Amino acid sequence: MIDRRAFIGAVGAACVAGVRMEAKKIQRLGMQLYTVRTEMEKDVDATLAKVAAIGYKEVEFAGYFKRTPAQIRDGLKKAGLTAPAAHIDYPSLAEDKLPAMIEAAQVVGHRYLVNPWIDESLRKEPDIWKRVAETFNRAGATTQKAGIQFAYHNHHFEFAPADGKLPYELLLEQCDPKLVKMELDLCWISAAGKDPLDYFKKYPGRFPLVHVKGLSKKPEAGAAAPIQSVMPSLTEVGTADVIDWKRIFARSEQAGIQHYFVEHDVPKDPYESLKASYSYLTNLDF
């Protein structure tokens with residue numbers, strides 16, 4: 001016979017175990033429109049409709065393809081999509097240019113403006129990443145006043161030492177966590193040979209956005225590999241993919257992930273690529 005206290009303890013433990021074992025899924029999957037940039041140049045509305053037909057609920061812009069912000073807003077509404085984020089280049093962070101970016105974001109409905117790239121010519125300058133951090137903090141303060149969060153999207157070169165420091169870590173340390181968030185490209189950090197979970201643990205809640213794309217093999221040179229040499233190894237998520245997505249997404253709450261954007265920089269067929277990644281990710285339990 002089991003006594004009452006032991007019985008209650010056993011039931012409680014079973015309940016806790018049951019909660020821990022409850023699988024999670026990505027509820028609202030998004031994609032980065034850079035994947036279909038050629039199609040967007042031909043017909044924005046048709047491309048958005050095809051993306052929505054696959055099942056994607058959110059999109060992230062990388063340019064408006066000669067459309068006005070109002071036209072983009074209307075096209076999204078017609079397709080039944082939302083666009084929580086958009087990429088803007090580094091020169092657009094200048095004090096005389098950023099207000100126009102903010103105004104467009106407010107019209108479309110973006111909640112995040114993301115800088116995705118620092119030109120190589122700039123990266124060669126001494127102490128550039130300290131100056132980048134200062135620029136990001138200023139831009140973040142400006143966008144925050146307008147109700148928009150600023151963020152930075154990485155590649156792999158931010159994980160190669162510069163002036164004795166990893167640029168990505170310098171940005172995390174010197175950028176105000178409230179003003180500057182990170183859109184972590186989970187493929188590029190993996191290509192650099194770094195573990196996203198290490199950053200989730202050290203900088204919890206700093207990663208509300210992630211890019212999700214497959215990697216067939218990691219470059220031997222890691223973060224020092226020429227970016228074009230890594231491109232042939234990009235693949236659909238879960239297809240000949242060396243990245244352990246289940247392990248990463250199991251820490252999504254710790255990371256603060258709110259938006260998952262599928263991307264493929266050089267797909268053979270962008271729509272088939274998006275379909276394959278969508279199928280894998282919507283069936284993934286973590």
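View 1. Strands here are DSSP runs of E, at least two residues long, and helices are runs of H or I, at least four residues long; both are numbered from the N terminus. Two strands pair if DSSP finds at least two bridges between them. Strands of a sheet pair through backbone hydrogen bonds, either parallel or antiparallel. This is a predicted model: local features need pLDDT of at least 70, side-chain atom pairs count only at pLDDT 80 or more, and totals for chains, interfaces and linings use all residues. Residues are numbered from 1 along each chain as its sequence is written, and side-chain values use heavy atoms, with hydrogens and water left out.

**View 2. Strand 5 meets strand 6.** Strand 5 covers residues 149-153. Four bridges join strand 5 to strand 6, and the two run parallel. Look for alanine 151: it stands opposite lysine 181 in strand 6. Angles run from 0 to 180 degrees between N-to-C directions, and axes are lines fitted to C-alpha atoms, for helices over the stretch in contact.

**View 3. Strand 7 is covered on both faces.** Leu209 and His211 lie on one side of strand 7 (residues 209-212), Val210 and Val212 on the other. All four are buried (under 20% relative accessible area; exposed is over 50%, and partly exposed is in between, with a 1.4 Å probe and protein chains only). Strand 6 (residues 180-185) pairs with strand 7 in the parallel sense over three bridges. Glutamate 183 stands opposite leucine 209. Strand 7 is also joined to strand 10 (residues 259-262) by four bridges, again parallel. There, valine 210 has tyrosine 260 as its bridge partner.

**View 4. Helix 8 is largely enclosed.** Six of the eight residues of helix 8 (residues 167-174) are buried, so the rest of the structure largely encloses it. The buried ones are Pro167, Tyr168, Glu169, Leu170, Leu171 and Leu172. They pack against helix 7, strand 5, strand 6 and helix 10 (196-202). Contact means heavy atoms within 4.5 Å.

**View 5. Helix 3 packs with helix 14.** Two packed helices are described by the angle between their axes and the distance between the axes. For helix 3 (residues 44-54) and helix 14 (residues 270-282), the angle is about 25° and the axes are 10 Å apart. That makes helix 3 roughly parallel to helix 14 (angles under 35 degrees; over 145 is roughly antiparallel, 65 to 115 roughly perpendicular and the rest oblique). Thr47, Lys50, Val51 and Ile54 in helix 3 meet Tyr271, Leu274, Lys275 and Tyr278 in helix 14. The contact residues divide into five nonpolar, one polar and two charged. Nonpolar covers Ala, Val, Leu, Ile, Met, Phe, Trp, Tyr, Cys and Pro; charged covers Asp, Glu, Lys and Arg; the others, Gly among them, are polar.

**View 6. Helix 4 packs with helix 5.** Helix 4 (residues 69-79) and helix 5 (residues 98-108) have axes 8 Å apart, at an angle of about 25°. Helix 4 is therefore roughly parallel to helix 5. Helix 4 contributes Pro69, Ala70, Ile72, Arg73 and Leu76 to the contact, and helix 5 contributes Ala104, Val107 and Val108. By class, seven are nonpolar, none polar and one charged.
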